[in-house]
Amino acid sequence: MFDHEWLWPGFLAFVALILFFDLFVLHRKDHVISTREALLTVGGYVSLAMLFAASIFYFEGQQRGSEFLTGYLVEQALSLDNIFVIALIFSYFKVPAEAQYRVLFYGIVGAIVMRLSLIVPGVKLVDQFWWVGALLGIVLLVSGYKMMMSDGDMADPGNSRVVKWLRSTGRVTEDYEGSKFLTRRNGVLFMTPLFLVLITVEITDLVFAVDSIPAVLAISNDPFIVFSSNVFAIMGLRALFFVLSGMMREFRFLKHGLSLVLIFVGFKMLVQHWYKLPSEIALGVVGLLILGSVLLSIIIKDEDQGKTPEEVADLERKAHAAEGPES
């Protein structure tokens with residue numbers, strides 16, 4: 001394992017510097033993110049991740065390098081499903097386009113803090129008690145099966161208990177106020193609808209973390225590898241959202257590929273007490289499953305292909321309304 005004293009504070013400082021530069025230099029003014037700008041940002045974050053991976057290969061060897069790449073690929077792939085859910089949340093709350101990037105930024109900061117608090121103790125538990133790893137493996141197997149069998153429907157974001165409770169306080173404004181999460185009226189602090197969106201996004205990330213964190217724990221027992229691969233994947237999620245949010249329905253078999261990834265890493269974690277699958281093989285299998293599902297989606301077209309998440313959500317709402325109450 002990495003045991004350099006400077007490693008953790010140095011990496012956290014590096015991440016903080018990147019996020020500061022992203023929000024307060026590149027995106028200090030709220031604006032609608034163009035596809036070109038999003039592609040350049042995604043390319044920048046992917047390049048940073050690959051440079052980081054190359055340094056791990058060079059200084060720590062092939063096994064640790066392969067573990068980082070596999071963890072990064074798994075987290076990045078699972079984030080793709082998260083993108084579609086976030087698009088539906090933005091559609092439901094009618095979030096102004098110029099405010100979406102700021103919501104995603106603070107959502108990512110919360111996700112990084114959440115993962116730091118879960119990964120370090122999680123690695124220690126898995127390392128000390130083999131049955132914890134086996135239990136997480138079973139969780140991943142069940143999650144993969146449920147994802148495979150699900151019809152893709154999402155619960156109504158407005159019916160969240162947290163959102164309902166916040167609205168019941170009477171301290172939520174009716175309209176958005178730019179990119180403000182909080183505002184004062186007559187000296188009283190109020191939440192804006194953008195704050196509700198941020199809370200909903202954070203809750204969504206917590207739900208996805210239940211799958212993604214155990215999945216990466218199945219790949220490496222080094223907390224720094226697990227955490228850094230997670231961070232590099234989710235840092236680029238904001239920009240990736242603006243590139244892929246309108247395209248996710250085109251990848252109709254991606255959900256099946258992701259479910260197979262969860263089942264594979266769950267099985268790997270379930271048996272790792274008796275047999276450790278080489279990290280290079282795990283990397284190849286995960287890459288093949290994801291790439292195969294994307295290619296299959298391109299080859300076999302779907303009638304809903306080309307519709308944005310907003311259009312799909314509107315069609316689903318109209319279909320439910322047309323059904324009406326059962327007689």
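**Salt bridges and a helix pair in a predicted model**

User: What makes Arg-185 and Glu-177 a salt bridge?

Analyst: Their side chains meet at 2.9 Å, N to O. A salt bridge needs a side-chain nitrogen of Lys or Arg within 4 Å of a carboxyl oxygen of Asp or Glu, so the pair qualifies. The model is predicted: local features need pLDDT of at least 70, side-chain atom pairs count only at pLDDT 80 or more, and totals for chains, interfaces and linings use all residues. Residues are numbered from 1 along each chain as its sequence is written, and side-chain values use heavy atoms, without hydrogens and water.

User: Why is Arg-185 called partly exposed?

Analyst: Its relative accessibility is 39%. Buried means under 20% relative accessible area, exposed over 50%, partly exposed in between (1.4 Å probe, protein chains only). Glu-177, at 23%, is partly exposed too.

User: How do you know whether Glu-67 and Arg-64 are buried or exposed?

Analyst: Glu-67 has 5% relative accessibility, so it counts as buried. Arg-64 has 14% and is buried. Their side chains form a salt bridge at 2.6 Å, N to O.

User: What links Arg-64, Glu-67 and Asp-222?

Analyst: A network of salt bridges. Asp-222 pairs with Arg-64, the closest N and O atoms being 4.0 Å apart. Those two residues lie 158 residues apart in the chain.

User: Why are helix 10 and helix 11 called roughly antiparallel?

Analyst: Helix 10 (residues 254-271) and helix 11 (residues 279-299) pack at about 165°. Angles under 35 degrees count as roughly parallel, over 145 as roughly antiparallel, 65 to 115 as roughly perpendicular and the rest as oblique. The two helices are therefore roughly antiparallel.

Note on methods: Axes are lines fitted to C-alpha atoms, for helices over the stretch in contact, and angles run from 0 to 180 degrees between N-to-C directions. Helices (H or I, at least four residues) and strands (E, at least two) are DSSP runs, numbered from the N terminus.
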